[in-house]
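Open the model in your viewer and keep the selection panel at hand. The tour goes stop by stop.

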Amino acid sequence: GHYGRGFSGSPAVIMGAYKYLEELWKKKQSDVLRFLLRVRAWEYRQLPNIHRASRPSRPDKARRLGYKAKQGYVIFRVRVRRGGRKRPNPKGIVFGKPAGAGINQLKFQRNLRSVAEERVGRRFGNLRVLNSYWVNQDAVYKFYEVICVDPQHAAIRNDPRINWIVKPVMKHRELRGLTSAGRKHRGLRRKGHAATQLRPSRRGTWKRLNKVQ
């Protein structure tokens with residue numbers, strides 16, 4: 001940020017509005033945010049599980065992830081039930097080895113943010129999912145806001161910073177693990193020796209190693 005002079009003569013950082021918001025959201029246990037999140041969680045529970053938000057709840061976060069307050073950008077708020085994934089076997093019976101007999105303590109391979117993006121992407125097939133972020137949670141649900149882009153809109157097609165998303169290969173990025181949340185559950189946050197089996201993908205590695213060269 002810019003530096004001015006404080007009363008003591010030491011440099012004082014002049015923060016913009018988005019920086020203040022960012023610092024506020026970093027302290028989620030503060031009185032202000034605890035109250036805000038509690039009230040908003042109640043509000044979000046009353047609404048449908050996927051609904052359009054007129055504007056982002058976290059404008060600073062949305063902008064950092066690519067949102068612009070202009071035509072062609074849409075925000076959807078979505079709730080996902082928290083918790084692991086119970087295996088759907090009738091009466092919990094697995095007719096197999098004891099190692100495969102687990103029903104309850106299993107976890108879904110993808111994260112809940114990725115699930116939220118998928119649900120929005122399936123509901124609104126004409127839009128492209130750009131990114132998403134956490135906004136709230138309670139004991140039962142996690143709430144996310146998903147940034148979508150309308151690839152048919154002239155304001156998007158004429159903007160060189162975002163019109164990459166108009167290309168046909170960008171259809172349903174969220175279903176193919178190409179969004180930020182998708183890359184995370186694929187393990188692509190890691191680099192180097194920790195991710196040798198993950199690039200370009202697990203199946204790609206398997207195929208390369210199992211082909212006769």
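Which residues does Asn131 touch, leaving aside those up to four places away in sequence? Select Asn131 and its contacts: Leu65, Arg113, Glu117, Glu145, Val146, Ile147 and Ser180. This is a predicted model, so treat each stop as a computed result. Asn131 sits in strand E5, residues 128–137. Its relative accessible area is 11%, so Asn131 counts as buried.

**Next stop: strand E4**

Select residues 73–81. This is E4, and eight of its nine residues are buried. E3 and E4 run antiparallel, joined by four bridges. Look at Arg52: its bridge partner in E4 is Phe76.

Then bring in strand E6, residues 141–149. Nine bridges tie E6 to E4, again in antiparallel fashion. Find Arg79 and look across to E6; Phe143 stands opposite. While you are on the strands, remember that side chains in a regular strand alternate between the two faces of the sheet.

**Next stop: the nonpolar cores**

Show Tyr73, Leu130, Ile147, Val149, Ile156, Ile162 and Ile165. The largest nonpolar core has 18 residues, and these seven touch the most other members. E4, E5 and E6 are the elements that give two or more residues to this core. E6 provides the largest share, four residues.

Center on Ile162. Beyond its sequence neighbors up to four places away, Ile162 touches Tyr73, Leu130, Val149 and Ile156. Another core lies apart from the largest one; it has 13 residues, including Val74, Phe76, Val120 and Leu127. Nonpolar side chains tend to be buried together in soluble globular proteins.

**Last stop: salt bridges**

The count of salt bridges is eleven. Begin in helix H1, residues 17–26, where Glu23 and Lys19 lie four residues apart, about one turn of the helix. Their closest N and O atoms are 3.3 Å apart, in a salt bridge. Glu23 is partly exposed at 26% relative accessibility; Lys19 is partly exposed at 33%.

Glu23 also forms a salt bridge with Lys26, with closest N and O atoms 3.3 Å apart. Those two are three residues apart in H1, so about one helical turn separates them.

Now select Arg45 and Asp138, whose side chains meet in a salt bridge, 2.8 Å from N to O. Arg45 is partly exposed, at 35%, whereas Asp138 is buried, at 15%.

Finish by selecting Lys19, Glu22, Glu23 and Lys26. Salt bridges with shared partners join them into one network.

Terms used
Residues are numbered from 1 along each chain as its sequence is written. This is a predicted model: local features need pLDDT of at least 70, side-chain atom pairs count only at pLDDT 80 or more; totals for chains, interfaces and linings use all residues. Side-chain values use heavy atoms; hydrogens and water are left out. Buried means under 20% relative accessible area, exposed over 50%, partly exposed in between (1.4 Å probe, protein chains only). Two strands pair if DSSP finds at least two bridges between them. Contact means heavy atoms within 4.5 Å. A nonpolar core is a set of buried Ala, Val, Leu, Ile, Met, Phe, Trp, Tyr and Cys residues joined through side-chain atoms within 4.5 Å. A salt bridge is a side-chain nitrogen of Lys or Arg within 4 Å of a carboxyl oxygen of Asp or Glu.
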